[in-house]
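The findings follow the structure.

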Amino acid sequence: MTKEQSIHSYQEQFAAFEKTLNGESGSSFHALRREALLQFAETGFPTLRNEDWRYTNLNPLTGTAFAMAIQPAESAMLRSQAKAHALRIPDALTLLFVDGHFLPRLSDLGSLPEGLEVRDLPAVLREDALPVGSAATDATVMRNNPFTALNTAFTRQGVTLSVRRNALIEQPLHLLFFSTPAATPFVAHPRVVIDVEANAQCSFVEQYVGDPGAVYFNNVVTDVHVGENAVVQHIKIQDESTAAFHVAANYATVARSGHYANHYIGLGGALLRNAIHAVLAGEGAHCTMNGVYIPGGVQHMDHFTVTDHAVPNCTSHELYKGILTDETRGVFTGKIIVRQDAQKTDARQANNNLLLSENAQIDTRPQLEIYADDVKCTHGATVGRINDDQLFYLESRGIDRAQAGNILSYAFASDIVTRIPLASLREAIDDRLYRRLEESWKK
Amino acid sequence: MLEIRNLHARVEGKDILQGINLTVRPGEIHAIMGPNGSGKSTLAGVLAGREMYEVTEGEVLYRGKNLLELEPAARACEGVFLAFQYPVEIPGVSNTYFLKAALNAVRKYHGEEEYDSFDFLALVKEKMKLVEMDPSFLNRPVNEGFSGGEKKRNEILQMAVLNPMLSILDETDSGLDIDALRIVANGVNKLHTSDNAAVVVTHYQRLLDYIVPDFVHVLVNGRIVKSGDKDLALHLEDHGYDWVKDIQESVPERV
């Protein structure tokens with residue numbers, strides 16, 4: 001299938017999708033969907049000539065025909081099936097999504113803490129109550145991000161999460177996205193809208209899991225608004241099937257003195273693109289982006305992060321680490337924009353990579369666009385191998401080479417995990433990470 | 001326990017060891033002395049299995065096994081221990097984790113049950129007393145931010161935990177003040193029994209005041225040119241290495 005054919009098939013899908021909407025098709029959100037589809041058809045899929053997509057060839061994705069994901073029947077078995085793949089986070093409340101569809105009856109909605117509201121997106125859309133004009137639905141954003149436009153065109157499944165003013169939500173909310181094995185590849189366009197009001201604090205764990213070998217495409221958009229002086233910990237664990245496609249765009253807007261922390265753990269997917277666009281929109285806002293990616297086999301993982309310092313006195317810290325084995329390919333782009341007004345910006349960025357194989361490849365590029373003159377911006381990228389002296393030191397104490405390599409790469413990666421401020425989650429992720437690295441060293 | 005026969009080794013194309021012969025029996029302590037560049041550390045490295053050294057001739061038998069055929073980890077599991085001249089820092093890996101992984105690897109190799117965290121901690125705290133180390137070192141990353149003396153004590157702690165048959169101490173005294181030297185030597189002496197053996201590689205006689213060797217060998221240009229008892233070390237201290245170099249020159253080249 002060519003790119004044109006692929007676009008055409010999405011247009012056909014849209015026509016069929018529209019017919020299922022009945023009365024809703026007169027809503028203002030649906031008008032936005034139509035605009036989004038037109039925008040997507042006009043821009044088309046990004047090619048390697050697009051600077052932002054220079055190292056990621058989308059042919060495997062555009063060459064695959066995907067049917068629209070079907071609403072699964074809510075059964076207790078489905079929940080245990082999904083849970084079997086998921087991290088065990090002892091104190092978390094689970095919101096279950098299967099094939100992109102939120103399943104309220106299989107989610108822990110009965111015990112939501114005070115100040116937290118979870119709504120099924122179809123219900124919100126039926127009331128035509130989704131705020132249009134957020135970062136993810138901005139016309140310029142959609143023009144520059146065709147996958148976001150595509151998601152908007154098909155937006156129906158997902159949730160809105162609201163945290164009321166001053167609410168301190170201690171229990172992490174676990175958004176578990178499970179994709180079922182299907183006879184034919186399918187596509188889902190889930191959308192998560194998170195609104196955290198002033199002075200509130202909360203943690204979200206977004207996790208993607210799939211049956212090993214299942215072919216599907218998750219085209220995800222998350223839209224986070226961090227209110228004044230609010231603190232949001234957003235953890236994403238991307239553990240998709242290694243045959244799956246995962247393209248995610250995560251938009252975050254941080255108001256005055258707010259803190260948005262995004263922690264990313266990337267393990268799955270045949271082809272992965274994880275984009276984060278954070279706008280520091282109020283003075284004193286802070287943004288943290290930490291991430292680790294560990295592709296294996298022939299996995300391709302592309303990380304695209306943008307930190308936009310729009311106003312003065314904001315800070316941002318970013319640390320991404322990669323461990324690349326086999327014939328994997330990794331991409332890291334760290335764009336820092338400092339607007340003309342954004343004096344006294346303090347932005348730090350680092351990307352460190354460990355190449356464990358001759359055939360693995362990493363492309364790393366910091367991109368600084370600085371229009372203010374009184375700012376502090378640091379960036380650095382490293383690409384290295386396992387240190388032979390450290391390896392021999394461990395071996396000389398009886399630890400065989402595979403385990404020694406595992407210990408050293410785990411030490412490299414776990415640095416990211418230690419920065420997640422939830423102890424129960426750290427343990428669960430540590431365990432998963434260790435097993436993942438063990439697999440790569442056993443070969 | 002250890003029999004080195006006509007051992008030749010090179011590093012980066014340069015011949016360093018040129019025919020070493022050495023026999024170590026259980027209960028013995030051997031000192032290997034020699035000037036800089038004589039091949040002392042190369043010998044230690046070859047025995048521990050460092051990849052950078054290429055053995056070109058000769059053999060090494062350790063408790064009846066061909067040592068050179070074993071992977072470095074297998075050598076350690078068989079009871080060979082190298083105390084490093086420059087212990088390696090490993091950020092991100094705690095000392096406890098490292099020691100426990102090492103001990104359990106050795107136990108697993110011998111088909112023994114692995115230690116759980118509780119039993120391990122009890123064992124390691126006991127061993128730490130031997131080298132007068134504070135338990136707080138357990139939670140710190142391996143050797144990271146340790147002083148020279150702390151690093152060497154950490155080497156002896158590892159030795160105490162792993163309880164090797166043959167310990168090779170590579171310049172363990174280098175850079176140590178007298179207190180640290182005493183603590184390290186004391187640890188080595190307490191670990192010494194009639195069943196195990198130690199090869200102490202050193203440039204200076206000073207260490208041998210604390211660890212008294214049964215034999216002293218002088219290594220010059222990759223060969224042992226003179227062997228004797230502990231008095232040989234004292235003689236070297238007084239007269240330097242020049243006189244043994246002369247002996248070496250009088251030894252005919254092998255053809």
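A cavity here is a set of points on a 1 Å grid over the protein atoms alone where a 1.4 Å probe fits but cannot get out, and lining residues have an atom within 4 Å of a point. Of the 15 lining residues, A:W53, A:N145, A:F147, A:V247 and A:A249 are the closest to the centre. By class I noted 10 nonpolar, 4 polar and 1 charged in this lining.

The model is predicted: local features need pLDDT of at least 70 and side-chain atom pairs pLDDT 80 or more, whereas totals for chains, interfaces and linings use all residues. Side-chain values use heavy atoms, without hydrogens and water, residues are numbered from 1 along each chain as its sequence is written, and chains are lettered from A in the order in which they are written.

I then turned to the second largest cavity, with a volume of about 70 Å³. Its lining includes B:M159, B:H192 and B:N196, and I recorded 6 nonpolar, 4 polar and no charged residues there.

Next I examined the interface. I found 30 residues of chain B in contact (heavy atoms within 4.5 Å) with 18 residues of chain A. The two chains bury about 1,900 Å² between them, 66% of it on carbon and sulfur atoms; buried area is the accessible area (1.4 Å probe) lost on being put together, summed over both parts. I counted 3 salt bridges between the chains, each a side-chain nitrogen of Lys or Arg within 4 Å of a carboxyl oxygen of Asp or Glu. One salt bridge joins A:D389 and B:R50 at 2.7 Å, N to O.

Technical notes. On a 1 Å grid over the protein atoms alone, a cavity is a set of points where a 1.4 Å probe fits but cannot get out, and a pocket is an open set with protein on both sides within 12 Å along at least five of seven lines; lining residues have an atom within 4 Å of a point. Ala, Val, Leu, Ile, Met, Phe, Trp, Tyr, Cys and Pro count as nonpolar, Asp, Glu, Lys and Arg as charged, and the others, Gly among them, as polar. Grid points are joined across faces, edges and corners, and a volume is the space filled by probe spheres set on the points.
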